[in-house]
Amino acid sequence: MVHCADGPDIAGSVASAAAETSFKRFTSQLFRHLLRADQHRWAQTYLAGLLVTPGKKSIPRLARSVGSSPSTAHALRQFINVSPWDWKPALQEIAAWAQEESSRACAWSIGRSLQPKRGEQSVGVHPYTDPVSGRIFNCQVALGMFLTIGATPVPTNWRLFLPRSWANDPTRRKRTRIPDTEHHRPLYKHALELVDSQAQHSASVPIVLDMRHDPDVRLLLPALRRRGHRMVIAVPPTLKVRPDDPVREPVPGVVNARTCVATGPVSEVLVPVGPEGVLRRKRVRSVPVRLPRQQVDPADNEPYRLFGECGPDGGPLSLWVTTFPRHKLAHAASLTALARCTASVISDMEDSVGLIDFEGRSYPGWYHHMTLASAAYAYSRLVCGATSGGS
């Protein structure tokens, strides 16, 4: 059993003294920036509640899991929604904790979280059209940054998308305590902010991102390249590109990505698949391309490699753009699986640590919850997972 310092007992969270010690060590590092003892206490309590509460992670359910006092739910609600603690240092600590395993870090990936809401009062909630199904539903939209350790993507940062209907509404801003520094910007700029934030604190590894439904990928690609990042980015089949192969017969003018890659030669590459890294042979079409000059600054018009795994009919499946050279195509192709893996982790976080169960309405409250849900997931995978794996 874990005992919060000066707080309620957290029943059923761990079964051994070693696990209890690791939990205390993890939370001591994660929350060391919190100067008040009560903030540290309730941060530890909320985190433990996310780990041990089955089903929906509402605050009343968390409170019942970690203590019997009727005041616990009120204290947790105050800590998440009202207490003015800074979540950024805690997110940095999660990243630092993950990067202690940096010898096995292989990539940063960015995933999208859609968080449905029934009402319209929660910060950032708006009608969202799912590009795959075409359905429209009310939700918050967020981007998360993940560091992949071995085969495990670990969440280390988040950005909440604010539509103009929120960013330009003073009443909504005041009611949900949106900071003056926050404004509307497209998702690709949120992705750049996530990349820039992590680049300050971490070694350079490739960036993997699924942008197959976002036309702004044409702006993201050169922006990442200017920053010197290696990348593997899923792109829409309609992305306009200019073939750039000096050896083969050129395709005239600007064409869409699907037409362009269909003309590329087929290569057979060995790609590690699954957590065991079993090598599988895959057929991949690829071709060097540039972005049309009218879409980017001429100074940024550097070549990329467009590729796609061949489907049963020989045509490409999903399309990707990378800055890896042709002789590194196998590595680039292996990284594409991280996009699916990151989406799977986000789905897992919804069930295991209540990623979408936040019931508050404020901007700080949302970030507080997302930070603690990320910490709970990191702990369960890097600490509990490592412990159970070694037993």
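A contact here means that heavy atoms lie within 4.5 Å of each other, and among the contacts in this chain between residues at least 6 apart in sequence, 61% join residues at least 24 apart.

View 1. The model is predicted, and the secondary structure of its chain comes to 13 helices and 14 strands. Of the 391 residues of the chain, 52% count as buried, while the accessible surface comes to about 17,600 Å², of which 52% belongs to carbon and sulfur atoms. The average pLDDT of the chain is 86, and 86% of the residues score at least 70.

**View 2. Helix α3 (residues 59-66) and its buried residues.** The residues of helix α3 that count as buried are I59, L62, A63, S65 and V66. These residues lie on the same side of α3, because they cover an arc of only 160° around the helix axis.

**View 3. The hairpin of strands β4 and β5.** Strand β4 (residues 126-129) runs antiparallel to β5, and the two strands are joined by 4 bridges. Within this pairing, Y128 stands opposite F137 in β5, and the bridge partner of T129 in β5 is I136. The hairpin leaves 6 residues between β4 and β5, and in its turn G134 has a positive phi of about 80°.

**View 4. Strand β5 (residues 136-149) and the hairpin that it forms with β6.** Strand β5 is mostly covered, with 12 of its 14 residues buried. In a regular strand, the side chains alternate between the two faces of the sheet. Strand β5 is joined by 8 bridges to strand β6 (residues 152-160), and the two strands run antiparallel. At the residue level, I149 stands opposite T152 in β6. There are 2 residues between β5 and β6 in this hairpin, and G150 in the turn has a positive phi of about 65°.

**View 5. R177 in the loop between α7 (170-176) and α8 (187-199).** The phi of R177 is near 60°, which is a positive value in a residue other than glycine. With a relative accessible area of 35%, R177 is partly exposed, as this value falls between the limits of 20% for buried and 50% for exposed.

**View 6. Cysteines C310 and C341 in a structure with 0 disulfides.** A disulfide is a covalent bond between the sulfur atoms of two cysteines, and a search of the whole structure finds 0 disulfides. C341 is in no disulfide, and the nearest cysteine sulfur, which belongs to C106, is 9.1 Å away; a disulfide would need a pair of cysteine sulfur atoms within 2.5 Å.

Conventions:
Residues numbered from 1 in each chain as written. Heavy atoms only, no water. Buried < 20%, exposed > 50% of the residue type's maximum accessible area, 1.4 Å probe, protein only. Arc of directions from axis to C-beta. pLDDT = per-residue confidence, 0-100. Pairing = 2+ DSSP bridges. Areas by Shrake-Rupley, 256 points an atom, 1.4 Å probe, with all protein chains shown as cover.
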